[in-house]
Amino acid sequence: QVHAVESGGGLVQPGGSLRLSCAASGSIFRLNGMGWYRQAPGKERELVAAITSGGSTKYADSVKGRFTISGDNAANMVYLQMNSLKPEDTAVYSCNFGYRSSKYSMDLEVWGQGTLVTVSS
């Protein structure tokens, strides 16, 4: 069984920075990709940033130039550096890992439990 656990959320003032981390543990043969999603109150969950196992990245338009996703395939870790934070970035942030548990298994995914980021003065 595979688990993912986030850390690094909290309260930050507008213009500030936070770094989120997420670690996956368990039976992972290979990572396919990693991502960060967020859900603000009353809104649907949205993709914030994603990174493939090869290092290609994509970002939501609203965070381009402010957020940076990075990953460590060997350590099964994904990070999200968030700079120039705005009140509208307030949300629960969840990590997602796509993986295979063995060479011939189907593609699977695991979600973290979420960490709250609050941007407020």
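Cys22 is buried, with a relative accessible area of 0%. In this predicted model, Cys22 is joined to Cys95 by a disulfide.

**The disulfide**

- A disulfide is a covalent bond between the sulfur atoms of two cysteines.
- The whole structure contains 1 disulfide, and the sulfur atoms of Cys22 and Cys95 in this bond are 1.9 Å apart.
- Cys22 belongs to strand 3 (residues 18–25) and Cys95 to strand 9 (residues 91–100), so the bond ties together parts that are 73 residues apart in sequence.
- Cys95 is buried, and its relative accessible area is 0%.

**The nonpolar core**

- The largest nonpolar core consists of 31 residues.
- Within this core, the residues with the most contacts are Trp36, Val78, Leu80, Met82, Tyr93 and Phe97.
- Two or more residues of the core come from each of strand 3, strand 4 (30–39), strand 5 (46–52), strand 7 (67–72), strand 8 (77–82), strand 9 and strand 11 (115–119).
- Strand 9 makes the greatest contribution to the core, giving 5 residues.
- Leaving aside residues up to four places away in sequence, Met82 touches Gly16, Ser17, Leu18, Leu20, Arg66, Phe67, Tyr93 and Val117.

**Aromatic rings and a charged side chain**

- The structure has 1 aromatic pair.
- The charged end of Arg45 sits over the ring of Trp111, at 3.9 Å from the centre of that ring.
- The charged end of Arg45 also sits over the ring of Tyr37, where the distance to the ring centre is 5.8 Å.

**Residues with a positive phi**

- Most residues other than glycine have a negative phi.
- Asn76 is not a glycine, yet its phi is positive, at about 55°.
- Asn76 is located in the loop between strand 7 and strand 8.
- Asn76 counts as buried because its relative accessibility of 15% is under 20%.
- Ser84, likewise a residue other than glycine, has a positive phi near 50°.
- The loop between strand 8 and strand 9 holds Ser84.
- Ser84 has 40% relative accessibility and therefore counts as partly exposed, a class that lies between the limits of 20% and 50%.

Conventions
Residues are numbered from 1 along each chain as its sequence is written. This is a predicted model: local features need pLDDT of at least 70, side-chain atom pairs count only at pLDDT 80 or more; totals for chains, interfaces and linings use all residues. Side-chain values use heavy atoms; hydrogens and water are left out. A disulfide is a pair of cysteine sulfur atoms within 2.5 Å. Helices (H or I, at least four residues) and strands (E, at least two) are DSSP runs, numbered from the N terminus. Buried means under 20% relative accessible area, exposed over 50%, partly exposed in between (1.4 Å probe, protein chains only). Rings of Phe, Tyr and Trp (its six-membered ring) pair if their centres lie within 6.5 Å; planes under 30 degrees apart count as stacked, over 60 as edge-to-face and the rest as tilted. A charge sits over a ring if NZ of Lys or CZ of Arg is within 6 Å of the ring centre and within 35 degrees of the ring normal. A nonpolar core is a set of buried Ala, Val, Leu, Ile, Met, Phe, Trp, Tyr and Cys residues joined through side-chain atoms within 4.5 Å. Contact means heavy atoms within 4.5 Å.
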